[in-house]
Amino acid sequence: IVSSVLLKIGWQYQISKYIELGQRGIKYIVESQNADGSWFYAAPPAPPAIDSFHQAYIMTALQETQLLKPTEKIQHSLDTAIEYYRNTFFRKKGQYVIPKRFDKRFTPKNTWILQNFDGRDLAEAVHFFSSYHYNEEMLSGLLLFLHDYLYDEKKGFFYPEKLLGIRNKIPYLEFQGWYLVALTTFLKKVKEI
């Protein structure tokens, strides 16, 4: 995301250093992509792991870069990433769409293993499918899950995560922020349509 912001500012204000740094970052991202379209969350020596919301961050950066100055190489990387990303969701009861927390081929060696669900995964999915690849069916399932499983109507907040099947009932402000940004992005898109 920083690379795409540097490019945006660099091109808008003709700051060559920002353009150079942004291009280096995007080049690194494209070259670091796995063959299946994913990216590892951390570089060696950390063990390989792939999670949902970081995948969305990278795709957002590539989308923003494409909006500024499209290239075939970035578009190919993005197409492969979106295909991978679409396959990281599962359906529950035929109506809910839920992001998988992490790619089970690469079991994380940290607290991720305890999380059944992280709200950032859902928030970034709503943002991505509202902003860049509008998909009404996907958004409907994500938002229904958000409302039915993560929203506490009596207290007026969203649960941030599920750990070992138990909802974390602490209303962390950062998670409320992620959800509210995602919902605002969705509502803005709906008004445009």
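**Loops and helices in a predicted model**

Me: Where does Leu164 lie?
Reply: Leu164 lies in the loop between strand 6 (161–163) and strand 7. Helices (H or I, at least four residues) and strands (E, at least two) are DSSP runs, numbered from the N terminus. This is a predicted model, where local features need pLDDT of at least 70 and side-chain atom pairs count only at pLDDT 80 or more, while totals for chains, interfaces and linings use all residues. Residues are numbered from 1 along each chain as its sequence is written, and side-chain values use heavy atoms, with hydrogens and water left out.

Me: And what is the phi of Leu164?
Reply: About 50°, a positive value, although Leu164 is not a glycine.

Me: Is Leu164 buried or exposed?
Reply: Exposed, because its relative accessibility is 62%. The cut-offs are under 20% relative accessible area for buried and over 50% for exposed, with partly exposed in between (1.4 Å probe, protein chains only).

Me: What about Gln14, where is that found?
Reply: Gln14 sits in the loop between helix 1 and helix 2. Its phi is near 50°, positive in a residue other than glycine. Gln14 counts as exposed, at 62% relative accessibility.

Me: What is Ser3 in contact with?
Reply: Gly22, Gly25 and Ile26, leaving aside neighbours within four places in sequence. Contact means heavy atoms within 4.5 Å.

Me: And Ser16, buried or exposed?
Reply: Ser16 is part of helix 2. At 57% relative accessibility, it counts as exposed. The C-alpha atoms of Ser16 and Leu6 are separated by 10.0 Å, with the two residues ten apart along the chain.

Me: Changing topic. Which residues of helix 4 are buried?
Reply: Ile74, Ser77, Leu78, Ala81, Ile82, Tyr84 and Tyr85. They cover an arc of only 160° around the axis, so they lie on the same side of helix 4. The arc is that of the directions from the helix axis to the C-beta atoms.

Me: What is exposed on the other side of helix 4?
Reply: Glu72 and His76 are exposed there.

Me: What covers the buried residues of helix 4?
Reply: The cover includes helix 2 (16–32), helix 3 (52–68), strand 1 (89–92) and helix 5 (119–131).

Me: How many Å should helix 4 span?
Reply: At 1.5 Å a residue, its 15 residues (72–86) should span 21 Å, and the end C-alpha atoms are 21 Å apart, which agrees. The expected span is 1.5 Å times one less than the number of residues.

Me: Which residues are buried in helix 6?
Reply: Met138, Leu139, Gly141, Leu142, Leu143, Phe145, Leu146, Tyr149 and Leu150.

Me: What does a side-chain oxygen of Asn135 reach at the start of helix 6?
Reply: The backbone nitrogen of Glu137, to within 3.2 Å.

Key
A polar contact is a pair of N or O atoms within 3.5 Å; within protein, one must be able to donate a hydrogen and the other to accept it, and residues adjacent in sequence count only if both atoms are side-chain atoms.
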